[in-house]
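Hello,

The structure is below, followed by notes on what was found in it. Please look through them when you have time.

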Amino acid sequence: EGAVALPLERWLPAPGQGVVTVQGRADAASLAPLFAALDSATTRCRVEAERAVVAALGGDCRMPLAAHAVERDGRLHLTARLGSRAGRLVDAGGDAPPSEAAVLGADVARRLLDSGGREILAELEDNPS
């Protein structure tokens, strides 16, 4: 009891939220089959799109940025949100084939910037916390 569902339309998660990553040494080739068994192409694609937004905006863990990708009907749908310190929110979204996840992320980041995100980023850079 006490749990409240947070609808994605209002409460987008941080990019890559909830994804578990496994890392190993490059010279430990014997681990590759174990890692491959854990791999999810769908999750990898979704995270690639979300991380592309972060990369395009120069984001870090302190940037008020959210991104969420889902795969529906054979397409990857990505929504991103950038917030200002004053509470202004700018949203952008798009969709593409899963094979173009990184391109989709960069495109959604551009849309964020074009919709007022440039001003928000300038404000965040001028007033770091």
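α2 gives the most to the lining of the largest pocket, with four residues. Helices (H or I, at least four residues) and strands (E, at least two) are DSSP runs, numbered from the N terminus. This is a predicted model, where local features need pLDDT of at least 70, side-chain atom pairs count only at pLDDT 80 or more, and totals for chains, interfaces and linings use all residues. Residues are numbered from 1 along each chain as its sequence is written, and side-chain values use heavy atoms, without hydrogens and water.

The volume of the largest pocket is about 430 Å³. A pocket is an open set of points on a 1 Å grid over the protein atoms alone where a 1.4 Å probe fits, with protein on both sides within 12 Å along at least five of seven lines; lining residues have an atom within 4 Å of a point. Grid points are joined across faces, edges and corners, and the volume is the space filled by probe spheres set on them. Among the lining residues are V19, F35, D39, R44 and R51.

D73 lies in the loop between β1 (65-72) and β2 (75-83). Its phi is positive, near 50 degrees. D73 is exposed (over 50%), at 81% relative accessible area.

Regards

Key: Buried < 20%, exposed > 50% of the residue type's maximum accessible area, 1.4 Å probe, protein only.
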